[in-house]
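Student: Hi, could we go through this one together, a bit at a time? I'd like to ask things as they come up.

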Amino acid sequence: MPAVSKGDGMRGLAVFISDIRNCKSKEAEIKRINKELANIRSKFKGDKALDGYSKKKYVCKLLFIFLLGHDIDFGHMEAVNLLSSNKYTEKQIGYLFISVLVNSNSELIRLINNAIKNDLASRNPTFMCLSLHCIANVGSREMAEAFASEIPRILVAGDTMDSVKQSAALCLLRLYKTSPDLVPMGEWTSRVVHLLNDQHMGVVTAAVSLITCLCKKNPDDFKTCVSLAVSRLSRIVSSASTDLQDYTYYFVPAPWLSVKLLRLLQCYPPPDAAVKGRLVECLETILNKAQEPPKSKKVQHSNAKNAILFEAISLIIHYDSEPNLLVRACNQLGQFLQHRETNLRYLALESMCTLASSEFSHEAVKTHIETVINALKTERDVSVRQRAADLLYAMCDRTNAKQIVAEMLSYLETADYSIREEIVLKVAVLAEKYAVDYSWYVDTILNLIRIAGDYVSEEVWYRVIQIVINRDDVQGYAAKTVFEALQAPACHENMVKVGGYILGEFGNLIAGDPRSSPLVQFNLLHSKFHLCSVSTRALLLSTYIKFINLFPETKPTIQEVLRSDSQIRNADVELQQRAVEYLKLSSIASTDVLATVLEEMPPFPERESSILAKLKKKKGPGAGSELEEGKKEQNSEINGGVEPITSTASTPSPSADLLGLKAVAVAGSAPSSTGNLLVDVFSDNVPAVTHLTPGSEDNFLSDLEPPCESSASVLVESALATDSAVTTSVSEEPALPLPEADDLLNKFVCKNNGVLFENQLLQMGVKSEFRQNLGRMYVFYGNKTSVQFQSFTPTVTFPGDLQSQLNIQTKPVDPVVEGGAQVQQVLNIECLSDFVEAPLINIKYRYGGTLQNMTLKLPITINKFFQPTEMSSQDFFQRWKQLSLSQQEAQKIFKANSPMDAEVTKAKLLGFGTALLENVDPNPDNFVGAGIVQTKTLQVGCLLRLEPNAQAQMYRLTLRTSKETVSKHLCELLSQQF
């Protein structure tokens, strides 16, 4: 209740509140309230006009009754009348009642808006503040429509009082959060930014909050705030506690403003050299002050100091470009790992998880491994133990993998049940990622199943089976190890699954030992049969039929089991069907047929680990940076191949990589034949498009059938129908292509995979494969925020005559994209004839009620349909002379945009799609290529010659094709790559 003067104490209100508090029962309270409501109603309806004091008193009573939980259906007009009073206390109570009880649909909203407009125009700072507070408290769309254009004017006016500016900035922030489309900032942008230079610290603090919110949607409009923010931060950091007395909190100058400025700077990349130098000095000063002895023993002093320190460290991590600062930040955080305050230990562990992903600070983080392990073992708070486990996961590399995995396995035996599954996934990922000795990997996973079998998901035991099948050198060891593990009296069902699968495939490798003879293996597995679930029994039945193939001497025993009533008359149809079919197969099939049907499983194709996908899913949108794949050894071999680098961020941010595409190798470089042998065929995720192997072209072509004219439900040609269907949720016309659309397209001319577009909200990546005149593209849409996207609608359109030249079939996308989640869209592509323009993809969705509408160019260019052609020197020059007409040749001389590296040039030319011909050009420094552009209607042969001049840093590119438009377009595309 607002403070009032002694002579204005509203005694009647005090008596009423006292009566309510003295009520002995709920019934007595309701009776007293009803009596008071009847009295107030009679006063409002009486013939005698009430003075301002009485209105205020009765409105206050109504407000108090409402706050007790009772409905109020009258008194609103009297509250509105109080707004026109010239007394502060009466106006204050009126605005308080309006803020709490009046909704945006009220019939009185026009009267309220008029009263607010009068107060805003009164130039009385007290009344202006009251009206601004009311607008912010109500915060409805109607309020935004009425005042969104007026408040910026008040905010930047030169004669506005500082207190009013503060209120205006915060009011505008509230309206922007509820109705961002109604807040016109274009003309006010520069003047709002310059509020950072205001002499009043309160105005600056409010302005920083507003700018931080505005710049997240329009970063380019507010980028000038960076230098001003650094300048203001420098003045605060370098000031003594006595310089800013009104804003010094326990000897810390302006801690809230400092934190807000540091957070604002995290919305932008590192500034230019001059500003960056000043910012680095500020950050160094903050780190230095953190080392100084405390000036007060009060907890408020340390809290304020540490708040600035942690926000500064977050900025250092965000920039990830200053090795010295990163190492210092790591050392500073290391001092907090043993701090007596639990919250500081938690924050230190969390920040170090992110630091561990930086190549500059990873080694510094590793020096604290013993402290982190000790925290994992001794911390009483489960959330701190979980952060310690996250940090161990993040700092793990090839040098310490065995130690960390062993410690996490040891902790798993006593870990809280709430985090056991996550620990299991982390151990499985680390053991897989850094497995040099595969026997160690098998031992680790089996130990994992033994310790925490209930928390070992299917993905984990699927994975160990895949690895064993793909690695000949570990199959015998795996069979021996699972055989020994199954001999334990209490054996988890997941162990039985792994044992059944591996012994069914490789039991013959240990059958020579009498202790693990075929019958011993069978009896051991069958002794677990009656304890298992239906799915495990089904797997064991498959193992038994494999035993008949591997060990013919076990056939009578196994047939007897299959023939038993418990099998062929089993109530479960799956078990019954398997038993009957396996029994019949073993009876009538010859040895050769049986060996063919039950032959050993072939190696699984390469695919991304589903364990890692499950771990990311479990961590959710706030997944910590500890999930960053390949963060330390970007080129190190992982299990026989180069591990693709993926990353997520601790909070959705511009650096988040939800798609895991940022480090995809440049297309055109030969795919590794070894690859990552830890394959995954059980994942529900659609795989990256598999590289074609020789002889697989037919399969590829049959898989990529051209889009069928009759499939109207998915053809992009029905885009108009799709648009009309979508207008109910997203009615706005497609936006024009982004200014950077051409630059984004050019990045994909010589590669097929990568992140196509990324902003604060959305990350969009593509993975594609082309063969002859057909192609398939997976488009991934990642929500980088914690708020779901609604009405998510990607639509492919064709500029000009492109629809007659290119046919694209799309699959529908889920219209709701959860926060931190990713959806994918499959595009099947057919090139009908040569084309110049790229197709467009328009993406519309609603984020926080605001429609987002943007258009990009899909990375589909004519060179994607190249078929490389090998030619001898004689054939090349003969064909070169045949293509001698002026319209068949396109030539361009241009300056190199990047260092002239022969290997990089080769990779780009291969990625462009042509074959590189060796020993054809007399000058060994020149590059010669040949290929055929495949379309449905015709084939266009292409010869190219690229002549680099290292001394002049210039290139001359010559292309000759049988069609003029193709020559010019290919020449333009390729010249932009160098």
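Student: Which residue in β12 does L840 stand opposite?
Tutor: This is a predicted model, and in it L840 stands opposite K857 in β12.

Student: How many bridges join β11 to β12, and which way do the two run?
Tutor: Strand β11, which covers residues 840-847, is joined to β12 by 8 bridges, and the two strands run antiparallel.

Student: What order do the strands of that sheet come in?
Tutor: The sheet is an open one of 3 strands in the order β8-β11-β12, and the pairing is antiparallel. From one strand to the next, the twist averages 15°.

Student: And which strands stand at the edges?
Tutor: Those are β8 (789-797) and β12 (850-857); each has a single partner strand, so one side of each is left without a neighbour in the sheet.

Student: Okay, switching to helices: at what angle do α16 and α17 pack?
Tutor: Helix α16 (residues 299-319) and helix α17 (residues 323-336) pack at an angle of about 140°, and their axes are 10 Å apart. That angle makes α16 oblique to α17.

Student: Is their crossing left-handed or right-handed?
Tutor: The crossing of α16 and α17 is left-handed.

Student: Which residues make the contact?
Tutor: On the α16 side they are N306, L309, F310, I313, I316 and I317, while α17 brings L325, L326, A329, Q332, L333 and F336.

Student: How many of them are nonpolar, polar or charged?
Tutor: Sorted by class, the contact of α16 with α17 has 10 nonpolar residues and 2 polar ones, with no charged residues.

Technical notes
Residues numbered from 1 in each chain as written. Predicted model: local features only at pLDDT ≥ 70, side-chain atom pairs only at ≥ 80, totals over all residues. Heavy atoms only, no water. Axes fitted to C-alpha atoms, helices over the stretch in contact; angles between N-to-C directions. Helix = DSSP H or I, 4+ residues; strand = E, 2+ residues; numbered from the N terminus. Parallel < 35°, antiparallel > 145°, perpendicular 65-115°, else oblique. Left-handed = near helix turned anticlockwise from the far one by under 90°. Contact = heavy atoms within 4.5 Å. Nonpolar A, V, L, I, M, F, W, Y, C, P; charged D, E, K, R; others polar. Pairing = 2+ DSSP bridges.
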